[in-house]
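User: I have a new structure open and would like a walk through it. Where do we start?

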Amino acid sequence: MAEGAVHKGLILHKTVVFVGMMGAGKTAVGRTLAARLGVVFRDSDHEIEEAANMTIAEIFERDGEAFFRRKESQVIGRLLEGRPGVLSTGGGAFMAEGNRRMITELGASVWLNADLPVLWDRVRHKDTRPLLKTPDPLGTLTRLYEQRVPVYAQADLTVRSDPGMTLDAMARRVTETLLAERPDVLERRE
Ligand SMILES: Nc1ncnc2c1ncn2[C@@H]1O[C@H](COP(=O)(O)OP(=O)(O)OP(=O)(O)O)[C@@H](O)[C@H]1O
Ligand SMILES: O=C(O)C1=C[C@@H](O)[C@@H](O)[C@H](O)C1
Ligand SMILES: [Mg+2]
């Protein structure tokens, strides 16, 4: 088993990969969990934006979604090669079979599962998500949610993001779930 550094009595052996809908909290919870575990935090959307020096909305507009999806697969493959950490993916990343295979082989996937009203409440005031730039963004979010839930459910673990839970409480819930169910990923070690 790979040896990571012990941080506050916890040792991470494999990268934890957050998957789930936009607004589920992959980025926000991922960053909080990485700080808690004392490991590196990576975010595929952020890496793509940095490399292109453009926002995701601009990339979609200029180069199209297919181009973005190719970049996303490349970036996820590269980020999974680093030392164990936390990787937050974009909402559509887990839909591609090749990405699911890479993530399952090299990391441990965690589906952050939030109900549609919670997701809508978190994304409705932002215009940074190009897929929601439609005449009926709630209808679009609902369709995406229904299509994607059966695929997210293939993740190694599911953690619910309930309304009212703080980011710290979410990171604690993920930590406890990993310790209980995946000691090959996260272990307690003094
Ligand atoms: N448990 C939570 N408590 C409070 N706010 C939250 C929680 N989870 C997420 N948020 C807030 O909801 C918004 C959306 O979260 P975030 O950007 O992390 O979602 P995401 O899953 O990374 O979405 P995307 O797929 O678009 O990258 C952010 O403003 C974030 O701070
Ligand atoms: O749900 C999706 O398909 C997306 C979610 C975001 O994280 C970005 O990756 C992009 O806006 C596409
Ligand atoms: Mg994100």
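Analyst: With a term: two strands pair if DSSP finds at least two bridges between them. Also, this is a predicted model.

User: OK. How does β4 pair with β5, and over how many bridges?

Analyst: Strand β4 pairs with β5, residues 86-88, in the parallel sense, over 3 bridges. D43 stands opposite S88 in β5.

User: What sheet is that part of, and in what order do the strands come?

Analyst: An open sheet of 5 strands, ordered β4-β5-β3-β6-β7, with parallel pairing. The edge strands are β4 (41-43) and β7 (157-160), each of which pairs on one side only. On average, neighbouring strands of this sheet are turned by 25° against each other, ignoring direction.

User: What packs on the sheet?

Analyst: Helix α5, residues 97-106, packs on the sheet and touches β3 (15-19) and β6 (107-113). The direction of α5 makes about 115° with that of β6.

User: Tell me about β6. Is it mostly covered or uncovered?

Analyst: Mostly covered: 6 of the 7 residues of β6 are buried. Strand β6 runs parallel to β3, joined by 5 bridges, and V19 has W111 in β6 as its bridge partner. Towards β7 there are 4 bridges, again parallel, and L112 stands opposite V159 in β7.

User: What holds paired strands to each other in general?

Analyst: Strands of a sheet pair through backbone hydrogen bonds, either parallel or antiparallel.

User: Changing topic: which residue does UniProt list for "binding site"?

Analyst: T27 is listed by UniProt under that feature, in an unreviewed entry. T27 sits in helix α1, residues 26-37.

User: Why is T27 called partly exposed?

Analyst: Because T27 has 19 other C-beta atoms within 10 Å. A residue counts as buried at 20 or more and as exposed at 12 or fewer, so partly exposed is what lies in between.

User: What does T27 touch?

Analyst: D43 and S88, leaving out residues up to four places away in sequence. D43 is the residue that stands opposite S88 in β5.

User: And ligand 1, which residues come nearest?

Analyst: M22, G25, K26, T27 and A28 come nearest, out of 20 residues around ligand 1. Helix α1 gives the largest share of that shell, 4 residues. Both α1 and α8 (167-181) supply at least two residues each.

Notes:
Residues numbered from 1 in each chain as written. Chains lettered and ligands numbered in written order. Predicted model: local features only at pLDDT ≥ 70, side-chain atom pairs only at ≥ 80, totals over all residues. Axes fitted to C-alpha atoms, helices over the stretch in contact; angles between N-to-C directions. Contact = placed C-beta atoms within 7 Å. UniProt positions renumbered as here; feature names shortened; annotations may be inferred. Near = placed C-beta within 6 Å.
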